Amino acid sequence: MSDDTAAGLHCLVTGATGYIGGRLVPELLAEGHRVRCLARSPGRLRDQSWAGEVETVRGDVTDSASLAAALRGVDVAYYLVHALGTGRGFEETDRRAARIFGERAREAGVRRVVYLGGLTPAGVPEAALSPHLRSRAEVGRILLDCGVPATVLRAAVVIGSGSASFEMLRYLTERLPVMVTPSWVRTRIQPVAVRDVLRALVGSARMPDDVSRAFDIGGPDILTYRDMMARYAAVAGLPRRLIVPVPVLTPGLSSHWVGLVTPVPAAIARPLTESLRHEVVCREHDIARYVPDPPGHPIGFDEAVRLALQRVREARVTTRWSSASVPGAPSDPLPTDPDWAGGSLYTDHRSRTVHASPGTLWRVIEGIGGERGWYSFPSAWAVRGLLDRLVGGVGLRRGRRDPARLRVGDSLDFWRVEEIEPGRLLRLRAEMRLPGLAWLEMYVETDGEGRTRYRQRALFHPHGLLGHVYWWGVSPFHAVVFGGMARNIARAAAAGRDAGPG
(Lines give C-alpha, C1' and ligand atoms only; values in the text may rest on other atoms or scores of the structure.)
Protein backbone atom coordinates (compact mmCIF):
# COMPACT_ATOMS: atom_id res chain seq x y z
CA MET A 1 0.00 0.00 0.00
CA SER A 2 1.18 3.52 -0.69
CA ASP A 3 2.01 5.97 2.08
CA ASP A 4 -1.10 8.06 1.41
CA THR A 5 -3.29 5.21 2.62
CA ALA A 6 -1.16 4.28 5.63
CA ALA A 7 -3.35 6.31 7.99
CA GLY A 8 -6.49 4.49 7.00
CA LEU A 9 -7.96 2.66 4.02
CA HIS A 10 -11.37 2.99 2.44
CA CYS A 11 -13.02 -0.42 2.81
CA LEU A 12 -16.21 -1.82 1.30
CA VAL A 13 -17.87 -4.58 3.31
CA THR A 14 -20.46 -6.74 1.61
CA GLY A 15 -22.49 -9.01 3.86
CA ALA A 16 -22.49 -6.48 6.72
CA THR A 17 -25.89 -7.79 7.85
CA GLY A 18 -24.40 -11.27 8.27
CA TYR A 19 -22.50 -12.99 11.06
CA ILE A 20 -18.90 -12.23 10.04
CA GLY A 21 -19.57 -8.95 8.24
CA GLY A 22 -21.42 -7.47 11.20
CA ARG A 23 -18.41 -8.17 13.42
CA LEU A 24 -15.80 -7.10 10.88
CA VAL A 25 -17.10 -3.55 10.50
CA PRO A 26 -16.30 -2.37 14.06
CA GLU A 27 -12.90 -4.07 13.87
CA LEU A 28 -12.04 -2.12 10.73
CA LEU A 29 -13.23 1.11 12.32
CA ALA A 30 -11.07 0.42 15.37
CA GLU A 31 -8.06 0.16 13.03
CA GLY A 32 -8.77 3.64 11.68
CA HIS A 33 -10.24 2.58 8.34
CA ARG A 34 -13.21 4.23 6.64
CA VAL A 35 -16.01 1.76 5.97
CA ARG A 36 -18.77 1.64 3.39
CA CYS A 37 -21.38 -1.13 3.70
CA LEU A 38 -23.29 -2.56 0.76
CA ALA A 39 -26.70 -3.95 1.74
CA ARG A 40 -29.87 -4.89 -0.06
CA SER A 41 -31.83 -3.46 2.89
CA PRO A 42 -29.74 -0.66 4.44
CA GLY A 43 -32.38 -0.13 7.12
CA ARG A 44 -31.33 -3.39 8.73
CA LEU A 45 -28.05 -1.76 9.75
CA ARG A 46 -29.73 1.26 11.28
CA ASP A 47 -29.62 0.06 14.89
CA GLN A 48 -26.03 -1.21 14.86
CA SER A 49 -23.86 0.58 17.39
CA TRP A 50 -21.50 1.59 14.58
CA ALA A 51 -24.16 2.69 12.08
CA GLY A 52 -23.34 6.39 12.48
CA GLU A 53 -19.66 5.79 11.73
CA VAL A 54 -20.08 4.14 8.33
CA GLU A 55 -21.50 4.95 4.93
CA THR A 56 -24.28 2.57 3.92
CA VAL A 57 -25.38 2.15 0.30
CA ARG A 58 -28.18 0.10 -1.20
CA GLY A 59 -27.17 -2.59 -3.65
CA ASP A 60 -26.49 -6.22 -4.38
CA VAL A 61 -23.45 -8.15 -5.58
CA THR A 62 -25.46 -9.46 -8.53
CA ASP A 63 -26.47 -5.92 -9.58
CA SER A 64 -23.59 -4.60 -11.65
CA ALA A 65 -24.64 -0.93 -11.56
CA SER A 66 -25.14 -0.69 -7.79
CA LEU A 67 -21.93 -2.61 -7.18
CA ALA A 68 -19.90 -0.33 -9.46
CA ALA A 69 -21.16 2.71 -7.53
CA ALA A 70 -20.39 1.08 -4.18
CA LEU A 71 -16.82 0.24 -5.23
CA ARG A 72 -15.98 3.75 -6.39
CA GLY A 73 -13.03 5.15 -4.43
CA VAL A 74 -12.54 1.94 -2.42
CA ASP A 75 -9.09 0.58 -1.53
CA VAL A 76 -10.08 -2.82 -0.11
CA ALA A 77 -13.27 -4.74 -0.92
CA TYR A 78 -14.44 -7.53 1.40
CA TYR A 79 -16.51 -10.25 -0.25
CA LEU A 80 -18.48 -11.92 2.56
CA VAL A 81 -21.60 -13.13 0.79
CA HIS A 82 -22.68 -16.53 -0.45
CA ALA A 83 -25.83 -18.32 -1.46
CA LEU A 84 -25.66 -20.89 1.36
CA GLY A 85 -28.82 -22.96 1.56
CA THR A 86 -30.71 -21.23 -1.25
CA GLY A 87 -31.49 -24.51 -2.97
CA ARG A 88 -30.85 -25.56 -6.54
CA GLY A 89 -28.87 -23.14 -8.60
CA PHE A 90 -26.90 -21.64 -5.71
CA GLU A 91 -23.57 -22.55 -7.35
CA GLU A 92 -24.46 -20.58 -10.46
CA THR A 93 -25.61 -17.65 -8.32
CA ASP A 94 -22.30 -17.68 -6.42
CA ARG A 95 -20.33 -17.97 -9.66
CA ARG A 96 -22.13 -15.08 -11.35
CA ALA A 97 -21.91 -12.83 -8.28
CA ALA A 98 -18.17 -13.44 -7.88
CA ARG A 99 -17.49 -12.67 -11.53
CA ILE A 100 -19.45 -9.42 -11.37
CA PHE A 101 -17.69 -8.44 -8.16
CA GLY A 102 -14.25 -9.13 -9.60
CA GLU A 103 -14.93 -7.26 -12.83
CA ARG A 104 -16.35 -4.20 -11.11
CA ALA A 105 -13.51 -4.18 -8.56
CA ARG A 106 -10.92 -4.18 -11.35
CA GLU A 107 -12.70 -1.40 -13.23
CA ALA A 108 -12.96 0.70 -10.03
CA GLY A 109 -9.23 0.43 -9.35
CA VAL A 110 -9.68 -1.45 -6.07
CA ARG A 111 -6.29 -2.33 -4.61
CA ARG A 112 -7.28 -5.59 -2.89
CA VAL A 113 -10.16 -8.03 -2.64
CA VAL A 114 -10.50 -10.11 0.55
CA TYR A 115 -12.69 -13.21 0.63
CA LEU A 116 -13.52 -15.68 3.41
CA GLY A 117 -14.12 -19.14 2.00
CA GLY A 118 -14.06 -22.73 3.17
CA LEU A 119 -11.11 -24.98 3.93
CA THR A 120 -10.98 -27.80 1.37
CA PRO A 121 -9.61 -31.30 2.04
CA ALA A 122 -6.25 -32.32 0.62
CA GLY A 123 -6.21 -34.92 -2.13
CA VAL A 124 -9.96 -34.95 -2.74
CA PRO A 125 -11.06 -34.23 -6.33
CA GLU A 126 -13.19 -31.11 -6.52
CA ALA A 127 -16.03 -33.12 -8.07
CA ALA A 128 -16.18 -35.21 -4.88
CA LEU A 129 -16.56 -32.20 -2.60
CA SER A 130 -19.89 -31.10 -1.20
CA PRO A 131 -21.63 -28.50 -3.42
CA HIS A 132 -21.08 -25.94 -0.65
CA LEU A 133 -17.31 -26.46 -0.44
CA ARG A 134 -16.99 -26.78 -4.21
CA SER A 135 -18.73 -23.45 -4.70
CA ARG A 136 -16.60 -21.73 -2.04
CA ALA A 137 -13.45 -22.99 -3.76
CA GLU A 138 -14.68 -21.81 -7.16
CA VAL A 139 -15.51 -18.34 -5.85
CA GLY A 140 -12.00 -18.10 -4.43
CA ARG A 141 -10.47 -18.98 -7.82
CA ILE A 142 -12.65 -16.45 -9.63
CA LEU A 143 -11.57 -13.66 -7.30
CA LEU A 144 -7.89 -14.65 -7.52
CA ASP A 145 -8.19 -14.45 -11.33
CA CYS A 146 -10.09 -11.15 -11.46
CA GLY A 147 -7.04 -8.94 -12.07
CA VAL A 148 -7.01 -7.40 -8.57
CA PRO A 149 -4.62 -8.63 -5.84
CA ALA A 150 -6.74 -10.94 -3.71
CA THR A 151 -6.53 -12.58 -0.31
CA VAL A 152 -8.59 -15.75 -0.04
CA LEU A 153 -8.87 -16.99 3.54
CA ARG A 154 -9.99 -20.60 3.96
CA ALA A 155 -11.48 -21.68 7.30
CA ALA A 156 -13.21 -24.82 8.53
CA VAL A 157 -15.50 -24.67 11.58
CA VAL A 158 -15.68 -21.16 13.07
CA ILE A 159 -16.12 -21.13 16.85
CA GLY A 160 -17.75 -18.00 18.20
CA SER A 161 -20.92 -16.97 19.98
CA GLY A 162 -23.76 -17.02 17.50
CA SER A 163 -22.01 -18.80 14.62
CA ALA A 164 -24.02 -21.54 12.93
CA SER A 165 -21.22 -24.06 13.53
CA PHE A 166 -20.98 -23.16 17.22
CA GLU A 167 -24.74 -23.26 17.81
CA MET A 168 -24.96 -26.62 16.04
CA LEU A 169 -22.20 -27.98 18.31
CA ARG A 170 -23.67 -26.33 21.40
CA TYR A 171 -27.22 -27.60 21.05
CA LEU A 172 -26.26 -31.10 19.93
CA THR A 173 -24.04 -31.45 23.00
CA GLU A 174 -26.32 -29.78 25.55
CA ARG A 175 -29.59 -31.41 24.49
CA LEU A 176 -28.44 -34.96 23.84
CA PRO A 177 -26.52 -36.65 26.67
CA VAL A 178 -26.72 -39.84 24.60
CA MET A 179 -26.30 -39.37 20.86
CA VAL A 180 -26.65 -41.68 17.89
CA THR A 181 -24.63 -39.68 15.43
CA PRO A 182 -23.61 -39.72 11.75
CA SER A 183 -20.25 -41.21 10.84
CA TRP A 184 -18.84 -37.75 10.11
CA VAL A 185 -18.31 -37.24 13.86
CA ARG A 186 -15.06 -39.20 13.31
CA THR A 187 -13.77 -36.72 10.70
CA ARG A 188 -10.75 -34.63 11.70
CA ILE A 189 -11.35 -30.86 11.69
CA GLN A 190 -9.21 -27.82 12.50
CA PRO A 191 -11.61 -25.30 14.07
CA VAL A 192 -10.76 -21.62 14.34
CA ALA A 193 -11.91 -18.97 16.81
CA VAL A 194 -13.94 -16.15 15.29
CA ARG A 195 -11.49 -13.66 16.85
CA ASP A 196 -8.67 -15.13 14.77
CA VAL A 197 -10.83 -15.04 11.64
CA LEU A 198 -11.53 -11.34 12.20
CA ARG A 199 -7.85 -10.68 12.93
CA ALA A 200 -6.87 -12.28 9.62
CA LEU A 201 -9.56 -10.36 7.72
CA VAL A 202 -8.50 -7.00 9.15
CA GLY A 203 -4.79 -7.72 8.69
CA SER A 204 -5.29 -8.79 5.07
CA ALA A 205 -6.21 -5.22 4.13
CA ARG A 206 -2.57 -4.15 4.34
CA MET A 207 -0.92 -7.06 2.55
CA PRO A 208 1.73 -6.06 -0.02
CA ASP A 209 0.39 -5.47 -3.51
CA ASP A 210 2.43 -8.35 -4.93
CA VAL A 211 0.71 -10.92 -2.67
CA SER A 212 -2.31 -12.57 -4.26
CA ARG A 213 -3.07 -16.06 -3.00
CA ALA A 214 -5.12 -18.30 -0.72
CA PHE A 215 -4.26 -18.89 2.94
CA ASP A 216 -5.46 -21.62 5.30
CA ILE A 217 -6.49 -20.31 8.71
CA GLY A 218 -7.13 -22.51 11.71
CA GLY A 219 -6.61 -22.85 15.42
CA PRO A 220 -3.89 -24.91 17.13
CA ASP A 221 -6.13 -27.98 17.70
CA ILE A 222 -7.01 -30.75 15.25
CA LEU A 223 -10.04 -32.64 16.54
CA THR A 224 -12.80 -34.94 15.41
CA TYR A 225 -16.33 -33.65 15.78
CA ARG A 226 -16.75 -36.25 18.49
CA ASP A 227 -13.74 -34.74 20.31
CA MET A 228 -15.27 -31.29 19.91
CA MET A 229 -18.53 -32.39 21.53
CA ALA A 230 -16.69 -34.05 24.41
CA ARG A 231 -14.50 -31.01 25.02
CA TYR A 232 -17.47 -28.64 24.73
CA ALA A 233 -19.24 -30.64 27.43
CA ALA A 234 -16.16 -30.41 29.66
CA VAL A 235 -15.80 -26.63 29.20
CA ALA A 236 -19.55 -26.11 29.76
CA GLY A 237 -19.50 -28.22 32.91
CA LEU A 238 -21.82 -30.89 31.51
CA PRO A 239 -21.70 -34.61 32.37
CA ARG A 240 -19.75 -36.77 29.95
CA ARG A 241 -21.69 -37.45 26.74
CA LEU A 242 -22.16 -40.91 25.23
CA ILE A 243 -21.66 -40.68 21.46
CA VAL A 244 -22.46 -43.64 19.20
CA PRO A 245 -21.60 -43.08 15.50
CA VAL A 246 -23.66 -44.99 12.93
CA PRO A 247 -23.12 -45.15 9.16
CA VAL A 248 -26.77 -45.00 8.08
CA LEU A 249 -27.40 -41.25 8.40
CA THR A 250 -27.02 -39.68 4.94
CA PRO A 251 -26.23 -35.96 4.57
CA GLY A 252 -29.91 -35.31 3.99
CA LEU A 253 -31.00 -37.24 7.07
CA SER A 254 -28.18 -35.67 9.07
CA SER A 255 -29.34 -32.17 8.17
CA HIS A 256 -32.93 -32.94 9.25
CA TRP A 257 -31.61 -34.50 12.46
CA VAL A 258 -29.58 -31.35 13.17
CA GLY A 259 -32.57 -29.22 12.20
CA LEU A 260 -34.83 -30.93 14.74
CA VAL A 261 -32.33 -30.80 17.61
CA THR A 262 -30.70 -27.39 17.09
CA PRO A 263 -31.87 -23.90 16.06
CA VAL A 264 -30.04 -24.28 12.72
CA PRO A 265 -32.60 -25.15 10.00
CA ALA A 266 -32.00 -28.05 7.64
CA ALA A 267 -31.36 -25.73 4.69
CA ILE A 268 -28.28 -24.35 6.47
CA ALA A 269 -27.38 -27.53 8.37
CA ARG A 270 -27.07 -29.58 5.17
CA PRO A 271 -24.12 -27.71 3.62
CA LEU A 272 -22.44 -27.61 7.05
CA THR A 273 -22.79 -31.35 7.60
CA GLU A 274 -21.87 -32.19 4.01
CA SER A 275 -18.64 -30.25 4.48
CA LEU A 276 -17.74 -32.52 7.43
CA ARG A 277 -17.57 -35.66 5.29
CA HIS A 278 -13.92 -34.98 4.45
CA GLU A 279 -10.98 -34.09 6.66
CA VAL A 280 -10.44 -30.32 6.73
CA VAL A 281 -7.03 -29.56 8.19
CA CYS A 282 -4.75 -26.62 7.37
CA ARG A 283 -1.82 -27.41 5.08
CA GLU A 284 0.08 -24.21 5.91
CA HIS A 285 0.09 -21.21 8.22
CA ASP A 286 1.64 -18.71 5.83
CA ILE A 287 -0.83 -16.02 6.84
CA ALA A 288 1.45 -15.39 9.85
CA ARG A 289 4.06 -13.85 7.51
CA TYR A 290 1.70 -10.97 6.79
CA VAL A 291 -0.60 -11.01 9.83
CA PRO A 292 1.70 -12.04 12.71
CA ASP A 293 0.20 -14.04 15.58
CA PRO A 294 0.16 -12.02 18.81
CA PRO A 295 0.77 -13.84 22.13
CA GLY A 296 -2.01 -16.30 22.85
CA HIS A 297 -3.05 -16.66 19.22
CA PRO A 298 -4.32 -18.61 17.43
CA ILE A 299 -6.79 -19.28 20.21
CA GLY A 300 -7.23 -22.92 21.23
CA PHE A 301 -10.56 -24.74 20.96
CA ASP A 302 -11.30 -24.85 24.69
CA GLU A 303 -10.61 -21.13 25.12
CA ALA A 304 -12.69 -20.29 22.04
CA VAL A 305 -15.63 -22.24 23.51
CA ARG A 306 -15.17 -20.56 26.90
CA LEU A 307 -15.17 -17.10 25.32
CA ALA A 308 -18.24 -17.92 23.23
CA LEU A 309 -20.17 -19.30 26.21
CA GLN A 310 -19.24 -16.25 28.28
CA ARG A 311 -20.73 -13.97 25.64
CA VAL A 312 -23.88 -16.10 25.47
CA ARG A 313 -24.32 -16.04 29.24
CA GLU A 314 -23.69 -12.29 29.42
CA ALA A 315 -26.06 -11.63 26.50
CA ARG A 316 -23.27 -9.97 24.51
CA VAL A 317 -23.78 -11.85 21.24
CA THR A 318 -23.33 -9.04 18.70
CA THR A 319 -24.24 -11.08 15.61
CA ARG A 320 -25.68 -14.55 15.00
CA TRP A 321 -25.86 -16.87 12.04
CA SER A 322 -29.51 -15.77 11.79
CA SER A 323 -28.41 -12.14 11.32
CA ALA A 324 -28.37 -12.86 7.61
CA SER A 325 -31.68 -13.22 5.79
CA VAL A 326 -33.09 -16.72 5.65
CA PRO A 327 -32.88 -18.14 2.12
CA GLY A 328 -36.32 -18.11 0.54
CA ALA A 329 -37.87 -15.99 3.28
CA PRO A 330 -39.98 -13.00 2.25
CA SER A 331 -38.12 -9.71 2.24
CA ASP A 332 -40.84 -7.32 1.10
CA PRO A 333 -41.40 -4.57 3.66
CA LEU A 334 -44.94 -3.79 4.78
CA PRO A 335 -46.35 -1.31 2.26
CA THR A 336 -47.54 2.03 3.64
CA ASP A 337 -50.05 2.57 0.83
CA PRO A 338 -53.52 1.89 2.30
CA ASP A 339 -54.82 1.07 -1.17
CA TRP A 340 -52.10 -1.50 -1.71
CA ALA A 341 -52.22 -2.53 -5.34
CA GLY A 342 -50.83 -5.94 -4.47
CA GLY A 343 -54.28 -7.37 -3.77
CA SER A 344 -56.00 -8.56 -0.62
CA LEU A 345 -54.58 -7.65 2.76
CA TYR A 346 -56.24 -9.51 5.61
CA THR A 347 -55.96 -8.00 9.09
CA ASP A 348 -56.72 -8.98 12.67
CA HIS A 349 -56.99 -6.04 15.10
CA ARG A 350 -56.84 -6.25 18.90
CA SER A 351 -56.78 -3.40 21.43
CA ARG A 352 -56.82 -3.26 25.21
CA THR A 353 -56.49 -0.72 27.99
CA VAL A 354 -53.45 -1.51 30.14
CA HIS A 355 -53.17 -0.61 33.81
CA ALA A 356 -49.48 0.15 33.62
CA SER A 357 -47.18 2.88 32.37
CA PRO A 358 -46.29 3.02 28.66
CA GLY A 359 -42.68 2.19 29.60
CA THR A 360 -43.68 -0.98 31.43
CA LEU A 361 -45.86 -2.11 28.53
CA TRP A 362 -43.01 -1.45 26.10
CA ARG A 363 -40.61 -3.59 28.14
CA VAL A 364 -43.06 -6.49 27.89
CA ILE A 365 -43.40 -6.03 24.13
CA GLU A 366 -39.67 -5.73 23.48
CA GLY A 367 -39.02 -8.83 25.60
CA ILE A 368 -41.38 -11.07 23.63
CA GLY A 369 -40.30 -14.35 22.04
CA GLY A 370 -37.39 -16.67 22.75
CA GLU A 371 -37.52 -18.18 26.22
CA ARG A 372 -40.31 -15.79 27.26
CA GLY A 373 -42.65 -17.06 24.58
CA TRP A 374 -45.55 -15.37 22.84
CA TYR A 375 -48.07 -14.87 25.66
CA SER A 376 -50.73 -17.18 24.27
CA PHE A 377 -51.47 -20.87 23.73
CA PRO A 378 -47.86 -22.13 23.96
CA SER A 379 -48.69 -25.51 22.43
CA ALA A 380 -50.13 -23.86 19.32
CA TRP A 381 -46.95 -21.85 18.80
CA ALA A 382 -44.85 -24.98 19.40
CA VAL A 383 -46.84 -27.00 16.87
CA ARG A 384 -46.62 -24.18 14.31
CA GLY A 385 -42.88 -24.02 14.85
CA LEU A 386 -42.50 -27.79 14.46
CA LEU A 387 -44.55 -27.81 11.25
CA ASP A 388 -42.34 -25.06 9.88
CA ARG A 389 -39.21 -27.07 10.67
CA LEU A 390 -40.64 -30.16 8.98
CA VAL A 391 -41.07 -28.27 5.70
CA GLY A 392 -37.57 -26.77 5.89
CA GLY A 393 -38.40 -23.51 7.67
CA VAL A 394 -36.63 -21.89 10.60
CA GLY A 395 -39.19 -22.83 13.28
CA LEU A 396 -39.18 -21.25 16.73
CA ARG A 397 -35.70 -22.30 17.83
CA ARG A 398 -33.76 -19.28 16.58
CA GLY A 399 -34.81 -17.46 19.74
CA ARG A 400 -33.36 -14.00 20.36
CA ARG A 401 -29.93 -12.42 20.05
CA ASP A 402 -30.45 -10.42 23.26
CA PRO A 403 -32.98 -11.31 26.02
CA ALA A 404 -34.12 -7.72 26.57
CA ARG A 405 -33.29 -5.53 23.55
CA LEU A 406 -34.26 -5.75 19.90
CA ARG A 407 -32.93 -3.93 16.88
CA VAL A 408 -33.98 -3.74 13.24
CA GLY A 409 -32.87 -6.90 11.41
CA ASP A 410 -32.80 -9.15 14.48
CA SER A 411 -34.26 -12.62 14.05
CA LEU A 412 -36.92 -13.45 16.64
CA ASP A 413 -37.98 -17.11 16.47
CA PHE A 414 -39.68 -17.35 13.07
CA TRP A 415 -40.06 -13.59 12.76
CA ARG A 416 -37.61 -10.81 11.89
CA VAL A 417 -37.71 -7.28 13.28
CA GLU A 418 -38.67 -5.07 10.37
CA GLU A 419 -39.27 -1.84 12.27
CA ILE A 420 -38.87 -0.69 15.85
CA GLU A 421 -39.70 2.71 17.29
CA PRO A 422 -38.61 2.46 20.92
CA GLY A 423 -41.50 2.97 23.29
CA ARG A 424 -44.09 2.93 20.49
CA LEU A 425 -43.95 0.26 17.75
CA LEU A 426 -42.56 -3.20 17.11
CA ARG A 427 -43.22 -4.64 13.65
CA LEU A 428 -42.24 -8.21 12.87
CA ARG A 429 -42.16 -9.86 9.45
CA ALA A 430 -42.83 -13.60 9.29
CA GLU A 431 -40.09 -15.89 7.98
CA MET A 432 -41.96 -19.14 8.43
CA ARG A 433 -43.09 -21.01 5.31
CA LEU A 434 -46.41 -19.44 4.30
CA PRO A 435 -48.51 -19.08 1.14
CA GLY A 436 -48.17 -15.31 1.44
CA LEU A 437 -46.53 -12.50 3.41
CA ALA A 438 -47.33 -11.85 7.07
CA TRP A 439 -46.56 -9.19 9.66
CA LEU A 440 -47.32 -8.68 13.34
CA GLU A 441 -47.42 -5.15 14.79
CA MET A 442 -47.53 -4.18 18.47
CA TYR A 443 -48.13 -0.57 19.53
CA VAL A 444 -47.97 1.38 22.80
CA GLU A 445 -50.42 4.31 22.77
CA THR A 446 -52.06 6.76 25.18
CA ASP A 447 -55.76 7.57 24.80
CA GLY A 448 -57.48 10.91 25.31
CA GLU A 449 -57.83 10.31 29.04
CA GLY A 450 -54.13 9.54 29.50
CA ARG A 451 -54.60 5.77 29.83
CA THR A 452 -52.10 3.34 28.34
CA ARG A 453 -53.44 1.38 25.36
CA TYR A 454 -52.02 -1.71 23.74
CA ARG A 455 -52.85 -2.15 20.06
CA GLN A 456 -52.00 -5.24 18.04
CA ARG A 457 -52.40 -5.88 14.34
CA ALA A 458 -51.70 -9.06 12.36
CA LEU A 459 -51.58 -8.69 8.58
CA PHE A 460 -51.49 -11.27 5.82
CA HIS A 461 -51.11 -10.81 2.07
CA PRO A 462 -52.09 -14.12 0.41
CA HIS A 463 -50.33 -15.58 -2.60
CA GLY A 464 -52.88 -17.23 -4.86
CA LEU A 465 -55.86 -19.33 -3.88
CA LEU A 466 -53.82 -21.33 -1.36
CA GLY A 467 -53.07 -18.12 0.53
CA HIS A 468 -56.77 -17.25 0.85
CA VAL A 469 -57.57 -20.80 1.95
CA TYR A 470 -54.79 -20.62 4.54
CA TRP A 471 -56.11 -17.37 6.08
CA TRP A 472 -59.69 -18.54 6.33
CA GLY A 473 -58.52 -21.92 7.60
CA VAL A 474 -56.61 -20.42 10.54
CA SER A 475 -58.90 -17.45 11.22
CA PRO A 476 -61.10 -19.44 13.68
CA PHE A 477 -58.02 -19.77 15.93
CA HIS A 478 -57.22 -16.05 15.92
CA ALA A 479 -59.40 -15.34 18.95
CA VAL A 480 -57.35 -17.84 20.94
CA VAL A 481 -53.90 -17.00 19.59
CA PHE A 482 -54.04 -13.26 18.90
CA GLY A 483 -56.77 -12.49 21.41
CA GLY A 484 -54.91 -14.39 24.10
CA MET A 485 -51.69 -12.62 23.19
CA ALA A 486 -53.22 -9.16 23.61
CA ARG A 487 -54.89 -10.14 26.88
CA ASN A 488 -51.76 -11.71 28.40
CA ILE A 489 -49.44 -8.91 27.32
CA ALA A 490 -51.75 -6.42 29.02
CA ARG A 491 -51.84 -8.61 32.16
CA ALA A 492 -48.05 -8.99 32.23
CA ALA A 493 -47.60 -5.23 31.95
CA ALA A 494 -50.18 -4.57 34.69
CA ALA A 495 -48.37 -7.02 36.95
CA GLY A 496 -45.06 -5.32 36.19
CA ARG A 497 -43.64 -8.48 34.64
CA ASP A 498 -41.29 -8.66 31.68
CA ALA A 499 -42.09 -12.30 30.99
CA GLY A 500 -45.21 -14.11 29.98
CA PRO A 501 -46.64 -17.61 29.95
CA GLY A 502 -45.47 -19.77 27.11
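## Glycine 237 and helix α7

Just past α7, glycine 237 adopts a positive phi of about 75 degrees. This is a predicted model, where local features need pLDDT of at least 70, side-chain atom pairs count only at pLDDT 80 or more, and totals for chains, interfaces and linings use all residues. Residues are numbered from 1 along each chain as its sequence is written, and side-chain values use heavy atoms, with hydrogens and water left out.

Tyr225, Met228, Met229, Tyr232, Ala233 and Ala236 are its buried residues. They sit on the same side of α7, because they cover an arc of only 135 degrees around the axis, taken from the directions from the helix axis to the C-beta atoms. Here, buried means under 20% relative accessible area, exposed over 50%, and partly exposed in between, with a 1.4 Å probe and protein chains only.

## The six-stranded sheet

Now for the strands. Six of them make an open antiparallel sheet, ordered β14-β19-β18-β17-β16-β15 (two strands pair if DSSP finds at least two bridges between them). The edges belong to β14 (346-354) and β15 (411-412), and each has a single partner strand, so one side of each is left without a neighbour in the sheet.

β15 runs antiparallel to β16 (residues 415-421), joined to it by two bridges. Serine 411 has arginine 416 of β16 as its bridge partner.

## Salt bridges

Arginine 416 also forms a salt bridge with glutamate 431, with the closest N and O atoms 2.8 Å apart (the cut-off is a side-chain nitrogen of Lys or Arg within 4 Å of a carboxyl oxygen of Asp or Glu). That pair links distant parts of the chain: arginine 416 lies in strand β16 and glutamate 431 in the loop between β17 (425-430) and β18 (436-446), 15 residues apart. Both arginine 416 and glutamate 431 are buried.

Elsewhere, aspartate 286 and arginine 289 meet at 3.6 Å, N to O. Aspartate 286 counts as buried because its relative accessibility is 17%, while arginine 289, at 60%, counts as exposed. The whole structure has 33 salt bridges.

How values were computed: Helices (H or I, at least four residues) and strands (E, at least two) are DSSP runs, numbered from the N terminus.
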